[in-house]
Amino acid sequence: MMLGPALDVQGGVSAVERLILAHAPADVRIHHIATMRDGSAWRKLFVFLSAVVHLMFLLLTRRVDLVHIHFASRASTWRKSLLALFVRMAGKPYILHAHGGGFRDFYARQPRLLRWWIARMLKGSQQILTLSEGWREYYLHTFGLPRERTVVLPNPVCLPAEPPHRSHRSTVTPLFLGKMEHNKGAVRVVQAMHALPEEVRARTHLVLAGDGDVDSVRRAVGELGLERQVTVMHWVTAEQRNALLANADLLVLPSLNEGLPMSVLEAMSWGLPVIASPVGGIPDVVQDGYNGLLVSPTDIPAIAAAIRRLVEDEPLRLQMGKNARASVEGLDISCYWQKLRSVYESVLSGEG
């Protein structure tokens with residue numbers, strides 16, 4: 001059984017779920033229960049209560065070998081802590097799949113009793129899957145977990161058959177994909193675009209796509225007079241995303257905190273160099289100067305300098321793109337499933 005956001009929810013966790021479910025081996029049956037959907041608070045409450053009823057019914061009436069629980073921070077943690085309690089009461093093993101870059105700060109802000117409640121959820125799991133070695137160390141040291149009960153499992157990608165050829169393009173296209181919020185830095189990317197020298201900006205066209213406060217990003221574009229050089233789109237479908245990645249020349253994501261963003265991995269799988277910040281699991285996959293550039297997420301001149309460097313140096317940009325593609329080949333969903341299956345089997349054999 002898998003517990004996590006609905007498969008049509010916008011975001012990286014749902015993207016991971018969709019890949020896992022779509023590529024599951026024939027002899028592994030997974031029943032997915034949606035614990036959250038986008039919408040009003042009342043709708044979210046209804047979906048969660050429905051998930052509780054659905055979970056309890058299946059635990060009591062069906063064969064359930066293992067429960068795979070995806071969680072992030074804030075409301076996601078509280079929802080999953082209750083569901084994990086019900087799974088423990090039913091005597092079933094569960095694994096926790098840790099997503100979201102904000103968990104560290106979220107946990108530190110909680111009073112002692114709520115920290116105890118969260119720790120109870122974590123310590124009751126047979127395995128905790130983390131997105132990077134850094135996050136693994138955080139969970140080990142913060143919660144005193146045995147090392148053998150934690151596994152580093154970076155997010156998967158579905159590799160395109162062949163990335164497009166991007167040489168000799170007259171216009172270079174940086175791309176931002178993600179939630180348009182302060183953490184991800186969409187406005188900071190627009191400001192970096194404005195900070196480029198005019199002659200560089202003239203041959204650059206920035207595209208931003210995602211949900212969140214799209215109107216604020218559009219206002220920033222207008223205030224800086226960048227309407228001709230910046231396109232701001234709402235959330236796109238998977239097909240539209242792939243078209244944007246095929247047309248782009250680099251990805252820019254100056255996040256303040258992260259788990260391991262799917263947009264970075266997807267861009268690399270399409271042969272794009274990445275400009276990102278050294279937070280969360282990003283330094284595990286983006287090596288500065290090899291397959292991308294790492295910059296401080298709040299240093300607008302540094303972000304602009306990184307964009308300028310890749311706009312002006314086509315051989316460097318293309319080589320970094322090739323390196324990026326090679327760097328994530330081991331994260332293809334087929335390889336990912338081999339690792340995930342070994343986790344499932346170790347828990348079910350009593351070794352996890």
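**Note on helix packing and nonpolar cores**

1. Helix α2 crosses helix α3 in a right-handed sense; a crossing has this hand when the near helix is turned clockwise from the far one by less than a right angle, and is left-handed when the turn is anticlockwise. Helix α2 covers residues 41–61, and its axis packs 10 Å from that of α3 at an angle of about 15°. Axes are lines fitted to C-alpha atoms, for helices over the stretch in contact, and angles run from 0 to 180 degrees between N-to-C directions. The pair is therefore roughly parallel, a term for angles under 35 degrees, with over 145 roughly antiparallel, 65 to 115 roughly perpendicular and the rest oblique. Helices (H or I, at least four residues) and strands (E, at least two) are DSSP runs, numbered from the N terminus.

2. The model is predicted: local features need pLDDT of at least 70 and side-chain atom pairs count only at pLDDT 80 or more, whereas totals for chains, interfaces and linings use all residues. Residues are numbered from 1 along each chain as its sequence is written, and side-chain values use heavy atoms, with hydrogens and water left out.

3. In the contact of α2 with α3, Phe-48, Val-52, Leu-55, Met-56 and Leu-59 come from α2, and Arg-79, Leu-82, Leu-83, Phe-86 and Val-87 from α3. Contact means heavy atoms within 4.5 Å. Nine of these residues are nonpolar, none is polar and one is charged. Here Ala, Val, Leu, Ile, Met, Phe, Trp, Tyr, Cys and Pro count as nonpolar, Asp, Glu, Lys and Arg as charged, and the others, Gly among them, as polar.

4. Helix α3 (residues 75–89) also packs against helix α5 (residues 112–123), with axes 9 Å apart and an angle of about 55°. These two helices are therefore oblique to each other, and their crossing is left-handed. On the α3 side the contact includes Trp-78, Leu-82 and Leu-85, which face α5 residues including Leu-114, Trp-117 and Ile-118. The contact comprises eight nonpolar, two polar and three charged residues.

5. Helix α1 meets helix α15 (residues 333–348), the axes coming within 10 Å and crossing at roughly 85°. The two are therefore roughly perpendicular. Val-16, Leu-19 and Ile-20 of α1 contact Ile-333, Tyr-336, Trp-337 and Leu-340 of α15. The residues of this contact are seven nonpolar, no polar and no charged.

6. Ser-14 is also part of helix α1, which spans residues 12–22. Ser-14 counts as buried because its relative accessibility is 1%; buried means under 20% relative accessible area, exposed over 50%, and partly exposed in between (1.4 Å probe, protein chains only). Leaving aside residues up to four places away in sequence, Ser-14 touches Pro-5, Ala-6, Leu-7 and Val-9.

7. The largest nonpolar core holds 79 residues, and Leu-208 and Ile-275 have the most contacts inside it. Such a core is a set of buried Ala, Val, Leu, Ile, Met, Phe, Trp, Tyr and Cys residues joined through side-chain atoms within 4.5 Å. A second, separate core has 33 residues, among them Val-64, Val-67, Val-87 and Phe-143.

8. Pro-174 lies in strand β7 (residues 174–177) and, at 1% relative accessibility, counts as buried. The C-alpha atoms of Pro-174 and Leu-206 are 5.0 Å apart, although 32 residues separate them along the chain. Beyond four places in sequence, the neighbours touched by Pro-174 include His-205, Leu-206, Val-207 and Ile-307.
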